[in-house]
Amino acid sequence: MTHLQEEQFIDLLLGEPRSVTLDEHLAKCLQCQQQLAKLEKGMALAKLVEPDMAQVKYPSVSYGGYKQKALKTRLVWLAAAAMFILSLLGFRLESNKGSWSVQLSLLGKNQEQSQQIAALEQRLLEAIELNNKMTQSQLDARFHAIYQEREQDFGDLREVVVREMRDLETSNSQQLIAVRDEFKGDLEKFKVEGKLQ
Amino acid sequence: MENLLDTELVKLAQQGQGQAFDILIARYQKKVTHLVYRYVNDGDVALDLVQDIFFKIFKNLVNFKGESKFSSWLFRIAVNDCVDHIRRLKVRKEHSLDHFREFGFDVADTGESSDIEALIVNKETQSRVRELLNSLPENQRTVVVMKIYQEMKFEEIADILGDPVSTIKSRLYKALNTLGGLLRRQMFIEGGPPT
């Protein structure tokens, strides 16, 4: 026979109904005897540290008491639910120098909300205006830069053109002088040859 | 009315008869209180827990359909509340088996020993055994409380916990094996090896 199983050990330990073969095996098997002894010690320890029942306190339990408790619990929940709903409707709890009061402030709350919305709208408009100003300022700066760049370019171009014109005029003048001098030379030559009177 | 069966009293209580509820509670109050006290080992905590358990019974009795025995249902709620309480306190974390190993205990140790009574007289040892018992897995500890302390039948425990009898016995075996292993090591440390 194989060694005893966990359940069989428990049956032996607690004197539960069991097969005769278990006892026969136990009588012969030293290993199972040692294991059973270990379990017996475990049970003895568990029993010896069993809580002292003299310390037990018994509660007072009754249908009436519980019914009252349940009612109180329900009332607390109902009150909490009512408070929540009222707060959603605009009621609110307010304190006045040490005393608390529940006030209907639905209208006041609406007015306050309208004021808050108006203030928010105003802030939004200011933000848009500021944004526009910033945008305009940036655009102006950009255009100014472009104008300056264009002015610079025009200035440069004008200088180039003027310089070119001067060069051209100088060149023309020189050519005209050359042509005049050539005419003069030809005229003198014709006079000498008698072709002109 | 006191001679009525549980099932009859439950029906009457469900119809709103307070006296039937009171009789039912009186029938099981002592057993439940003992179970809870043995589980938590604290009179005040047990008192609060038992109050909560019976209030839970009061609130949920109308939903009890009689699919199991009333006593099984009641004890199942009690055990679950005890386990929840222990979990909340994180007892297993605070008193883990590692804690014992730090003190030189070896829970897996095996061997012979003698004179359990002499050893247990030592209060420190008692405290450590109690801590080890508390550090057992909840399902093992539950079976120790229900079987060793409450002396309930295996079939009854199985019915309450919803597990087979073989599983219950296996859990008890593991719990006692762990406790038995502690003893041998403790004696060796404090008094030398047994002769």
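Predicted model: local features only at pLDDT ≥ 70, side-chain atom pairs only at ≥ 80, totals over all residues.
So, chain B: 11 helices and zero strands. Of the 195 residues in chain B, 36% are buried. If you take the contacts in chain B with a separation of 6 or more, 68% of them come from residues 24 or more positions apart.

Okay, confidence. Chain B has a mean pLDDT of 81, and 76% of its residues reach 70 or more. The stretch to watch is residues 104-114 of chain B, where pLDDT is below 50, although the model still gives that stretch 29 contacts beyond near neighbours in sequence. For the model overall, we have ipTM 0.74 and pTM 0.62.

Now the interface. On the chain B side, 42 residues are in contact with 32 residues of chain A. Which elements of chain B give two or more residues to that side? Those are α2, α3, α7, α8, α9 and α11. The one that gives the most is α11(B), with 12 residues. By residue type, the chain B side splits into 20 nonpolar, 16 polar and six charged.

Next, the core. The largest nonpolar core has 59 residues, and the members that touch the most other members are A:A46, B:V36 and B:A78. Helix α2(B) gives the most to this core, with 10 residues. Both domain 1 (1-89) and domain 2 (93-195) of chain B put in at least three residues each. As a general remark, nonpolar side chains in soluble globular proteins tend to be buried together.

Let's look at A:A46 a bit. Leaving out residues up to four places away in sequence, A:A46 touches B:L133, B:V144, B:I148, B:L176 and B:L179. Two of those names come back in a moment, because B:V144 and B:I148 are among the buried residues of α9(B).

Staying with α2(B) for a second, that's where B:I25 sits. Why does B:I25 count as buried? Because B:I25 has 21 C-beta neighbours inside 10 Å, and the cut-off for buried is 20 or more. Beyond its neighbours within four places in sequence, B:I25 is in contact with A:V61 and B:F54. B:I25 and B:F54 are 29 residues apart along the chain, and their C-alpha atoms are separated by 7.7 Å.

On to α9(B), residues 138-149. This helix has 12 residues and reaches 15 Å from its first C-alpha to its last, close to the 16 Å expected. Is α9(B) mostly covered or mostly open? Mostly covered, with nine of its 12 residues buried. The buried ones are B:Q140, B:R141, B:T142, B:V143, B:V144, B:V145, B:M146, B:K147 and B:I148.

Last thing, backbone angles. Most residues other than glycine have a negative phi. Just after α9(B), B:E151 takes a positive phi of about 55°, and B:E151 is not a glycine. B:E151 is in the loop between α9 and α10 of chain B, and counts as exposed because it has 8 C-beta neighbours inside 10 Å. B:N41 also has a positive phi of about 55° without being a glycine. That residue is in the loop between α2 and α3 of chain B. With 18 C-beta neighbours inside 10 Å, B:N41 counts as partly exposed.

Note on methods: Residues numbered from 1 in each chain as written. Chains lettered and ligands numbered in written order. Helix = DSSP H or I, 4+ residues; strand = E, 2+ residues; numbered from the N terminus. Expected span 1.5 Å × (residues − 1). Contact = placed C-beta atoms within 7 Å. Nonpolar A, V, L, I, M, F, W, Y, C, P; charged D, E, K, R; others polar. Core = buried A, V, L, I, M, F, W, Y, C linked by C-beta atoms within 7 Å. Domains from an automatic or database assignment. pLDDT = per-residue confidence, 0-100.
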